Structures are given as structure tokens and as C-alpha cells.
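Please open the model in your viewer and keep the sequence panel beside it.

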Amino acid sequence: MTTLQELSDAVDRLVITNPNELASVFRAIRMIDEKIESGLREFDREQRYLLSNASSTEDFLVRSLGFLPEDAAATMKAARRPLR
């Protein structure tokens with residue numbers, strides 16, 4: 001089983017019953033967001049979107065992953081912001 005499949009399975013089993021668990025879930029979401037942003041920065045920097053005939057990473061997100069254009073723009077804005 002892959003790490004992504006394990007993550008998906010864990011999310012499926014997730015039950016949040018108290019504020020501490022809720023806080024932990026929000027921390028995990030932030031960690032995942034940071035991993036996605038890091039991957040998108042590398043994808044964008046290396047222009048991997050060209051492999052799918054997209055003109056930009058935003059275009060790739062729209063054409064290949066079904067993002068709305070405004071969501072793709074917001075996602076890339078988040079990915080391009082300075083690292084903390």
C-alpha cells in the first residue's frame with residue numbers, strides 16, 4: 001500500500017470527537033498544504049506542465065485536474081508566496 005493510499009484510508013476512518021482532535025486535524029491539513037505547495041513550486045520551476053501541453057502550471061491545474069481558473073490562480077498564489 002502506498003503512503004497516499006494509507007493517508008486516504010486514514011482520512012476515511014477519521015472521527016473527530018473533541019477540540020484537541022480538531023486542532024490536530026487542522027495541523028495535519030496545514031502540513032499537507034505545505035507539501036502540496038512545495039511540490040507545485042518544483043513542478044512550476046521545472047516547467048513540468050509542458051509535458052501535458054499546458055502553457056503554465058495554472059493551465060495544467062485547470063485542464064488536467066479540473067480546477068476552476070480562479071481556484072488554480074489562488075492555489076498558485078499560495079504556492080509562490082515566500083516560505084516561512
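Begin by selecting Asn53, which is exposed because its relative accessible area is 64%; here exposed stands for over 50% relative accessible area, buried for under 20% and partly exposed for what lies in between, with a 1.4 Å probe and protein chains only. Asn53 sits in the loop between helix 2 and helix 3, and its phi is positive, about 65 degrees, although the residue is not a glycine. Helices, here and below, are DSSP runs of H or I with at least four residues, strands are runs of E with at least two, and both are numbered from the N terminus.

Before moving on, a word on what is displayed: this is a predicted model, in which local features need pLDDT of at least 70 and side-chain atom pairs count only at pLDDT 80 or more, while totals for chains, interfaces and linings use all residues. Residues are numbered from 1 along each chain as its sequence is written, and side-chain values use heavy atoms, with hydrogens and water left out.

**The loop and its other stop**

Stay in the loop between helix 2 and helix 3 and select Gln47, which is found there as well. Gln47 also has a positive phi, near 55 degrees, in a residue other than glycine, and with 42% relative accessibility it counts as partly exposed.

**The whole chain**

Now zoom out and colour by secondary structure: the protein chain has 4 helices and 0 strands, and its pattern along the sequence reads α-α-α-α. The radius of gyration is 15 Å, well over the 12 Å that the globule rule gives for 84 residues, so the protein chain is more spread out than a compact globule; the radius is taken over C-alpha atoms, and the rule is 2.2 Å times the number of residues to the power 0.38. Along the principal axes, the C-alpha atoms fill a box of roughly 45 × 30 × 20 Å. Of the 84 residues, 18% are buried.

**Helix 2**

Select residues 19–45, which form helix 2, with 27 residues and a reach of 39 Å from the first C-alpha to the last, close to the 39 Å expected; the expected span is 1.5 Å times one less than the number of residues. At the N-terminal end, show the side chain of Asn18, which caps helix 2 with a side-chain oxygen 2.9 Å from the backbone nitrogen of Asn20.

Which residues of helix 2 are buried? They are Val25, Glu37, Leu40, Phe43 and Asp44, and what covers them includes helix 3 (57–65) and helix 4 (69–80).

Next, centre on Glu37, which counts as buried because its relative accessibility is 9%. Its side chain makes a polar contact with the side chain of Arg81 at 3.2 Å; such a contact is a pair of N or O atoms within 3.5 Å, where, within protein, one must be able to donate a hydrogen and the other to accept it, and residues adjacent in sequence count only if both atoms are side-chain atoms.

Then select Arg41, also found in helix 2, which counts as partly exposed at 22% relative accessibility. Leaving aside residues up to four places away in sequence, Arg41 touches Ala79 and Leu83, a contact being heavy atoms within 4.5 Å. The C-alpha atoms of Arg41 and Met76 are separated by 8.2 Å, although these residues are 35 apart along the chain.

**The aromatic pair**

How many aromatic pairs does a search of the whole structure find? It finds 1. Show Phe43 and Phe60, whose rings form a tilted pair, 4.8 Å centre to centre with 45 degrees between the planes. The pair links distant parts of the chain, with Phe43 in helix 2 and Phe60 in helix 3, 17 residues apart. Rings of Phe, Tyr and Trp (its six-membered ring) pair if their centres lie within 6.5 Å, and planes under 30 degrees apart count as stacked, over 60 as edge-to-face and the rest as tilted. Both Phe43 and Phe60 are buried.

**Helix 3**

Finish on helix 3, at whose start a side-chain oxygen of Ser56 reaches to within 3.4 Å of the backbone nitrogen of Glu58. The buried residues of helix 3 are Thr57, Asp59, Phe60 and Leu61, and their cover includes helix 2 and helix 4.
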